[in-house]
Amino acid sequence: MKTIGLTGGVGAGKSTILDYMASHFDACILEADKIGHLVMEPGEPCYDKIVDLFGKDVIKNDKTIDRKRVSDVVFCNGEMLAALNGIIHPAVKEYICRCLNEERRSGRQLAVVEAALLLEDHYEVFCDEIWYVHTDEEIRIARLTASRGYTREKAISIIRSQASEEFFRAHADYVIENNGDLRKTHEQIEEGVRQHEIL
């Protein structure tokens with residue numbers, strides 16, 4: 001089984017690439033962000049640790065963790081953010097590795113692991129290749145204001161807080177330009193699969 005690590009900044013449209021790879025190449029898709037939510041659920045490995053860290057105030061009536069409240073705390077507290085990441089990131093990695101092993105045993109040929117911090121968190125250790133999704137900044141800002149309701153200022157602030165274009169390109173085995181022309185994006189995915197002999 002080949003494993004592609006897919007990364008790119010916020011608003012780059014990584015989900016477009018994931019959807020195509022799932023439907024056209026039967027790829028197993030593992031998204032770090034969604035798995036991060038999973039491992040915070042009651043009974044999952046991070047639940048008690050997060051409650052211990054933030055206090056019982058973050059538990060909602062249905063016993064789940066109030067992610068918005070947690071997010072509000074870490075937004076202005078670097079120490080708490082580092083502590084939260086120290087709980088969630090190892091659990092997410094462990095979950096992904098377990099899934100990859102299961103998929104490999106089941107005979108799956110392709111898996112795609114998507115994470116915004118794929119390179120910073122060293123996900124490349126269990127990926128055969130790193131693919132970077134590039135999208136022009138103005139398009140990313142427009143996407144974030146439309147889909148998430150961010151102000152232009154907030155969108156720019158988040159984009160600028162992430163790794164630079166140069167950093168992504170320096171570590172990528174393949175780059176997909178995703179500026180809105182879906183046909184071109186799909187052609188680049190097909191080309192990447194062919195050129196890198198993924199399947």
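Against which element do the buried residues of α6 pack? The legends below begin with that helix.

The coordinates form a predicted model, in which local features need pLDDT of at least 70 and side-chain atom pairs count only at pLDDT 80 or more, while totals for chains, interfaces and linings use all residues. Residues are numbered from 1 along each chain as its sequence is written, and side-chain values use heavy atoms, with hydrogens and water left out.

**View A. Helix α6 and its buried residues.** The buried residues of α6 pack against α7 (152-161), contact being defined as heavy atoms within 4.5 Å. Helices (H or I, at least four residues) and strands (E, at least two) are DSSP runs, numbered from the N terminus. In α6 (residues 137-147), the buried positions are Arg140, Ile141 and Leu144. Buried denotes under 20% relative accessible area, exposed over 50%, and partly exposed the range in between (1.4 Å probe, protein chains only). Viewed down the axis of α6, these buried residues fall within an arc of 100° and so line one face of the helix; the arc is that of the directions from the helix axis to the C-beta atoms. Ala146 and Ser147, on the other side of α6, are exposed. Glycine 149 follows α6 and has a positive phi, near 75°.

**View B. The aromatic pair of tryptophan 131 and tyrosine 174.** Rings of Phe, Tyr and Trp (its six-membered ring) pair if their centres lie within 6.5 Å; planes under 30 degrees apart count as stacked, over 60 as edge-to-face and the rest as tilted. Five aromatic pairs are counted by this rule. Tryptophan 131 and tyrosine 174 form a tilted pair, with 4.9 Å centre to centre and 55° between the planes. Because tryptophan 131 belongs to strand β4 (residues 129-134) and tyrosine 174 to strand β5 (residues 174-177), the pair ties together parts that are 43 residues apart in sequence. Both tryptophan 131 and tyrosine 174 are buried.

**View C. The pair of phenylalanine 167 and phenylalanine 168.** The ring centres of phenylalanine 167 and phenylalanine 168 are 6.2 Å apart and their planes stand at 65°, so the pair is edge-to-face. Phenylalanine 167 is partly exposed, at a relative accessible area of 28%, whereas phenylalanine 168 is buried, at 4% relative accessibility. Ring pairs join Tyr132, Phe167 and Phe168 into a cluster.

View D. The model has zero disulfides, a disulfide being a pair of cysteine sulfur atoms within 2.5 Å. The cysteine sulfur closest to that of cysteine 28 is in cysteine 99, at 6.5 Å, too far for a bond. Cysteine 28 is buried at 7% relative accessibility, and cysteine 76 is exposed at 68%.
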